[in-house]
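Please look over the sequence and the 3D structure shown here before reading on. The notes after them are a short briefing.

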Amino acid sequence: MPGVGIVIAVIVIVLIASCVKVVPQAHAYILERLGAFESTWEVGIHWKWPIIDKVAKRVTLKEQVVDFPPQPVITKDNVTMRIDTIVFFQITDPKLYTYGVDNPLVAIENLTATTLRNIIGDLELDETLTSRETINTKMRAALDVATDPWGIKVNRVELKNIMPPAAIQDAMEKQMKAERERREAILIAEGEKKSTILVAEGKKESLILEAEAEKASEILRAEAKKEATIKEAEGKAQAILQIQKANAAGVKFLNEAAPEEAVIKLKSLEAFAKAADGKATKIIIPSEIQGVAGLVSGLAEVGKNN
């Protein structure tokens, strides 16, 4: 009998331990009583009655990432391609997540595929390849509204990969290659054009500098010639001034010496002789100095006889 008591005690302890539940952080438990929803357990220690209560579902409240396999879609211009998507979602209502839809992940995958087909069907191939952000935004908005009754919030949707048919992909690669070659040719042409312009500008600047140097040289030569002419003129003026000063000094000296009339007439005769300078064939002598001229001739004859 003591052994039976021990067994009963162990069973009671096990039952009590099984009825105590600890809900960890970022989780929630759905409790059912006799098959009906009873409550949602949040973080902490909880008690359930044995047999009549059970934890129907353990739900994680963390943000989850689901990578769905590629889905075939057809564009507006009838190009079939495959696109795989990534959905970031979070459970906001554990009760709705548990009872709102059967197998929520499968439901989200199917909803993602149909939404993607509807959006891509309104776009052409080129728009599909260049409008990833627009497609992501439209899909997130559509999925977020559709999953609200399931207690799910879609935070983000991303197109992971867009895979067009091989023939179209080859054509796109050829187009890209042709575009790169065209850009390369444009860059080379622009480089040659800029080089030609720079060479022409360099020659132009060189010619301008040469012209400016020649002009400066001519200006310097003209200024030098001008200064030489001015110096020469100043020298002549100084010479004339000195001669005039000497003549004035001679006149002043004569005036101060008070020469006699005969001396004055003699000086006048010398002046006529200098004026003739041996080149004149005829000299007209005023009557008032003719007597002086005869006197001088007589004195000259007397000097020769002696």
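Predicted model: local features only at pLDDT ≥ 70, side-chain atom pairs only at ≥ 80, totals over all residues.

Residues are numbered from 1 along each chain as its sequence is written, and side-chain values use heavy atoms, with hydrogens and water left out. Helices (H or I, at least four residues) and strands (E, at least two) are DSSP runs, numbered from the N terminus. A residue is called buried under 20% relative accessible area, exposed over 50%, and partly exposed in between (1.4 Å probe, protein chains only).

**Salt bridges**

- Side chains of opposite charge can pair when their charged atoms come close.
- There are 10 salt bridges in the structure, a salt bridge being a side-chain nitrogen of Lys or Arg within 4 Å of a carboxyl oxygen of Asp or Glu.
- One of them joins Arg 33 to Asp 53, with the closest N and O atoms 2.6 Å apart.
- This pair links distant parts of the chain, since Arg 33 belongs to strand 2 (residues 27-33) and Asp 53 to strand 5 (residues 53-60), 20 residues apart.
- Arg 33 is partly exposed at 30% relative accessibility, whereas Asp 53 is buried at 3%.
- Arg 33 and Asp 53 also belong, with Glu 38, to a network of salt bridges.

- Glu 179 and Arg 182 form a salt bridge with an N to O distance of 2.5 Å.
- Both residues lie in helix 6 (residues 166-257), and because they are three residues apart, about one helical turn separates them.
- Glu 179 is partly exposed, at 27% relative accessible area, and Arg 182 is also partly exposed, at 44%.
- Another salt bridge joins Lys 236 and Glu 232, at 3.7 Å from N to O.
- Lys 236 and Glu 232 are four residues apart in helix 6, about one turn of the helix.

**Surface patches**

- Patches are made of residues with over 30% relative accessible area and no salt bridge; like charges are joined within 9 Å, and nonpolar side chains (Val, Leu, Ile, Met, Phe, Trp, Tyr) within 5 Å.
- Accessible areas come from the Shrake-Rupley method with a 1.4 Å probe, and for residues only the protein chains shown count as cover.
- Asp 77, Glu 124, Asp 126 and Glu 127 form a negative surface patch.
- For charges, Lys and Arg count as positive and Asp and Glu as negative, with His and the chain ends not counted; the place of a charge is NZ of Lys, CZ of Arg, CG of Asp or CD of Glu.
- Glu 124 sits in the loop between helix 3 (104-120) and helix 4 (125-130) and is partly exposed, at 40% relative accessibility.
- A nonpolar surface patch covers about 1200 Å², and its residues include Val 4, Val 20, Leu 34, Trp 47 and Ile 52.
- Which element gives the largest share of the nonpolar patch? Helix 1 does, with four residues.
- Helix 1 (2-19), strand 1 (20-23) and strand 4 (44-47) each supply at least two residues of this patch.
- Val 20, in strand 1, is partly exposed at 36% relative accessibility.

**Strands 7 and 8**

- Strand 7 and strand 8 (residues 80-91) run antiparallel and are joined by four bridges; two strands pair if DSSP finds at least two bridges between them.
- Opposite Val 73 stands Met 81 of strand 8.
- The two strands form a hairpin with five residues between them, and Asn 78 in the turn has a positive phi of about 60°.

**Far in sequence**

- Leu 34 lies in the loop between strand 2 and strand 3 (36-41) and is exposed, with a relative accessible area of 69%.
- The C-alpha atoms of Leu 34 and Ile 52 are 5.3 Å apart, although the residues are 18 apart along the chain.
- Ala 17, in helix 1, is exposed at 51% relative accessible area.
- From C-alpha to C-alpha, Ala 17 and Trp 47 are 9.5 Å apart in space and 30 residues apart in sequence.
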